[in-house]
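Look over the model, then read on.

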Amino acid sequence: MQLVNYAAWIPSEKARLEVGTSPFPTHVAADEIVIKNHAVAVNPVDWKIQVSGGFGLRYPYILGDDVAGEVVEVGAAVKAAGTFKPGDRVIAHALGLGANNPQYGGFQLYPKLKIVTAAKIPDDIPPWNAVVLPLSVSTAAAGLYLKTNLGLKLPSVKTSTSSDIDIDSKPPPTLLLWGGSSSVGSSVIQLAVASGYRVIATASPSNYGYVKALGAALVLDYHNPDIETLLIAVLRAEGSGPLAGAYDAIGSEATVSVSARIVHALGGGRVTSVISIPSQPPHDVTTTRISSAAIVTQEEGRVARKVWGEFVPAALRTGVLKPRPDELIVGRGLYFVQAGLDKQREGVSARKVVVTL
Ligand SMILES: NC(=O)c1ccc[n+]([C@@H]2O[C@H](COP(=O)([O-])OP(=O)(O)OC[C@H]3O[C@@H](n4cnc5c(N)ncnc54)[C@H](OP(=O)(O)O)[C@@H]3O)[C@@H](O)[C@H]2O)c1
């Protein structure tokens, strides 16, 4: 029996989404799977494309990066290796934006996915919760681990125990994170802590508890007019450890520039940002712009294999990685995806917009 597929299509540049039938994915490659989608999450890029176009898309197209569901078909190599099988519950970062093929878009009932950015999820985590993670995990990993960005140590699920603590040991290196309560920032904290770094983040005071619970050592209010001076003092203070770099998870000209000035004040180093590069960075600061898909395309996929292939499934099982921020479900069914884009565009605070299917 041929299954019927439906998608929330963007029919033409800058148009509103429309639900319609979509071909069931064909030509499933050796390293691919097809899932029955149970939940999708919405990211800023979805409404930004709807507002401004870009990404060289050929319309009609299917947007959407974050999916969670059940495997219904596997490619030949996946079947031979037994990495995924029909019935497995998974999350994935759908790689539709670079593919120029709508079969890889997330906002459909049966997306086709590369297993390099997919992971099994434990039975006790529902799809509408797990789906908050994929794009943010890829984006966090790209900024933290690619050698062209911060080039930090890869994460491990091993958590520290009292026998690991050495009273003579030096404090761990510190990561400055701008935007700790954002979706990307939430994954940056969890990955960086699992890599052995101390994280100092910015957020609104209402989210201090949230950001600390994710593992940040200290959270400061980015609205404070003295935030730059304060962060420099804190990072210079004894016990902070050397600066590992700065991750700008907000990506405005202002947030990347202040991050770069702080790194300069600490003696120089690297800043990586989700969007912007400062027009005139200090001479001793290297700034890079993150591409989440680069974890697959750069360094022969080393970062994707480690993070998606090993860390994410093990860390979800052990609780080292939690699906955060909590989901904000705006409705059930593909007709609600446009409402999801509208809601994300209005702005969220420590929440991820989700549509169940
Ligand atoms: N390059 C890539 O591959 C890539 C991938 C994914 C996302 N992105 C981009 O990354 C950005 C973040 O995406 P997201 O999904 O994480 O966003 P989000 O969760 O929607 O961001 C909302 C959060 O941003 C925080 N925030 C807003 N302005 C801030 C500021 N000036 N300083 C510190 N925090 C601030 C808010 O914190 P409070 O509520 O605590 O104030 C809020 O919790 C977007 O621009 C997105 O397009 C890029």
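Of the 27 residues around the ligand, which come nearest? They are Ser181, Ser204, Tyr222, Ile290 and Ser349, where a residue counts as near with a heavy atom within 4 Å. This is a predicted model: local features need pLDDT of at least 70, side-chain atom pairs count only at pLDDT 80 or more, and totals for chains, interfaces and linings use all residues. Residues are numbered from 1 along each chain as its sequence is written, and side-chain values use heavy atoms, with hydrogens and water left out.

**Ligand**
- The side chain of Ser204 places an N or O atom 2.5 Å from an oxygen atom of the ligand.
- Ser183 has a backbone N or O atom 2.9 Å from a ligand oxygen atom.
- For Ser292, a backbone N or O atom lies 3.1 Å from an oxygen atom of the ligand.
- Alone, the ligand exposes 950 Å², and the protein buries 83% of that (Shrake-Rupley method, 1.4 Å probe).

**Domains**
- Domain 1 covers 5-132 + 326-356, and domain 2 covers 138-294; the bounds come from an automatic or database domain assignment.
- Their C-alpha centres are 29 Å apart.

**Interface**
- Seven residues of domain 1 contact seven of domain 2 (heavy atoms within 4.5 Å).
- The two domains bury about 500 Å² between them, with 45% of it on carbon and sulfur atoms (accessible area lost on being put together, 1.4 Å probe, summed over both).

Key: A polar contact is a pair of N or O atoms within 3.5 Å; within protein, one must be able to donate a hydrogen and the other to accept it, and residues adjacent in sequence count only if both atoms are side-chain atoms.
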